[in-house]
Amino acid sequence: MILRTFGWSFGVTAAGLVAAFFYGGPTGLALVAVLAVLEISLSFDNAVVNAKVLDRMSPFWQKIFLTIGIAIAVFGMRLVFPLVIVGITARLGPIEAFDLALNDSDRYHHLMEQAYPTIAAFGGMFLMMLFLNFVFEERDIHWLVWLEKPLGVMGRLDQLPVVIAGGALVLVASIWADDPGEVMIAGVLGMVTYILVNGLGELFSEASDLDLDEDDEGPEDEVTIRRGPSDLAKATGKAGFFLFLYLEVLDASFSFDGVIGAFAISTDPIVIALGLGIGAMYIRSLTVFLVRKGTLHTYVYLEHGAHWAIGALAVCMLIGIGGHVPEWITGGLGAGLIIAAFVSSVLRNRGSDDGAAGASGEDKELHAGKV
């Protein structure tokens, strides 16, 4: 199971470390290893949320996510995206931007830092919308009951996440941004992107469910093919495509902070791409592992912890518009919240097991008394 799920990640790690050694010697090897660990620590919550969405997708779209999605994540976001940002900021062509990255890494780093407020506004607002839509949704299971239950009740007010996210954007742009107009535009685009992609995914997913309900009147074997092991309809066709698109935008939003933070370790784009690419592979493999093992169904608070970690990351990105937030804070907050959620899930499961064992014991005593 481990080798089948993480085999490609192990292979990419070996190839990436060998390439790093030949490219930069022992120093390059060490930097790539550190960057890979940084990416994994910053994006672990991404894997948990990805697994929740991936579990709703058909096997075909899961394969697309794990093949084409890998190429987009590793090469697109970790190598091409920084070059595009620098090219737009400095008004350079892609070849000139790549030449700048290789031959003048200090200026390349400076241009990336200049572009960070716009990047952080887009990614921060996308993640903020994701977090707010989760915490303002009424649900049966609560992790932080004292907080999540009242928030779920408040969520009955229509479009409350949009109101709060918009207010936060105005506050951040007016207080911290050197160019409030650019930050506002980027932030609004992040909100619109979330609403559009998430809305389209839900729309076509509901349409697929309606089609499936109509098909339930047909032969049982046809229904079984279109349903997953949990008897939930899997997203196919347009629904699967928009869920795939949603996952890619989500991954891009997570990668913004990692790409910018990587410059604190190295300014070499090749080293950054190798390190973050290795880390991205492990996040993909971890996502698959969580789906195949049914981890989110067993440890029910993990999803809650991941979304609170996303909220913390969104806040850190927005604060970063006015000043640098150290990577150990963003990574530590995310890891801490997920670990806390995991421990809470374990304690909950033990309590349920003890309760079931107690009930079983009482049944035996009653049965013995009757005899």
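This is a predicted model: local features need pLDDT of at least 70, side-chain atom pairs count only at pLDDT 80 or more; totals for chains, interfaces and linings use all residues.
Colleague: Let's start simple. What makes up the protein chain, helices or strands?

Modeller: Helices. The protein chain has 13 helices and zero strands. Read from the N terminus, the elements go α-α-α-α-α-α-α-α-α-α-α-α-α.

Colleague: How much of the protein chain counts as buried?

Modeller: Of its 371 residues, 46% do. The chain still exposes about 18400 Å², and carbon and sulfur atoms supply 66% of that.

Colleague: Why is isoleucine 310 called buried?

Modeller: Buried means under 20% relative accessible area. Isoleucine 310 has 0% relative accessibility, so it counts as buried. You'll find isoleucine 310 in helix H12, which covers residues 302-319.

Colleague: Which residues does isoleucine 310 touch, leaving out those up to four places away in sequence?

Modeller: Asp45, Val49, Leu127, Leu130, Phe131 and Phe254. Take Val49: isoleucine 310 and valine 49 are 261 residues apart in sequence, yet their C-alpha atoms are 9.2 Å apart in space. As for the protein chain in general, 81% of contacts between residues at least 6 apart in sequence join residues at least 24 apart.

Colleague: And asparagine 50, buried or exposed?

Modeller: Buried, because its relative accessibility is 0% and the cut-off is under 20%. Asparagine 50 sits in helix H1, residues 2-54. Setting aside neighbours within four places in sequence, asparagine 50 is in contact with Phe65, Leu247, Leu250, Arg284 and Thr287.

Colleague: On to the rings. How many aromatic pairs are there?

Modeller: Twelve aromatic pairs. One of them is phenylalanine 6 with phenylalanine 10, whose ring centres are 6.2 Å apart and whose planes meet at 25°.

Colleague: What makes that pair of phenylalanine 6 and phenylalanine 10 stacked?

Modeller: Two checks. Centres have to lie within 6.5 Å for rings to pair, and planes under 30 degrees apart count as stacked. With 6.2 Å and 25°, phenylalanine 6 and phenylalanine 10 pass both, so the pair is stacked. The two residues are four apart in helix H1, so about one helical turn separates them.

Colleague: Why does phenylalanine 6 count as buried?

Modeller: Because its relative accessibility is 12%, and buried means under 20%. Phenylalanine 10 has 38%, which falls between 20% and 50%, so it is called partly exposed.

Colleague: Why is the pair of phenylalanine 126 and tyrosine 246 tilted?

Modeller: Their ring centres are 6.3 Å apart and their planes are at 40°. Stacked needs under 30 degrees and edge-to-face needs over 60, so 40° leaves tilted. Phenylalanine 126 belongs to helix H4 (residues 105-135) and tyrosine 246 to helix H9 (residues 237-262), so the pair ties together parts 120 residues apart in sequence. Phenylalanine 126 is buried at 0%, and tyrosine 246 is buried at 6%.

Colleague: How do you know that the charged end of arginine 139 sits over the ring of phenylalanine 134?

Modeller: The charged end of arginine 139 is 3.9 Å from the centre of that ring. The limit is 6 Å, and the charge must also be within 35 degrees of the ring normal.

Colleague: Last one. Which residues touch the most other members of the largest nonpolar core?

Modeller: Leu127, Val135 and Ile321, out of 90 residues. H4 gives this core its largest share, 18 residues.

Technical notes. Residues are numbered from 1 along each chain as its sequence is written. Side-chain values use heavy atoms; hydrogens and water are left out. Buried means under 20% relative accessible area, exposed over 50%, partly exposed in between (1.4 Å probe, protein chains only). Contact means heavy atoms within 4.5 Å. Accessible areas come from the Shrake-Rupley method with a 1.4 Å probe; for residues, only the protein chains shown count as cover. Rings of Phe, Tyr and Trp (its six-membered ring) pair if their centres lie within 6.5 Å; planes under 30 degrees apart count as stacked, over 60 as edge-to-face and the rest as tilted. A nonpolar core is a set of buried Ala, Val, Leu, Ile, Met, Phe, Trp, Tyr and Cys residues joined through side-chain atoms within 4.5 Å.
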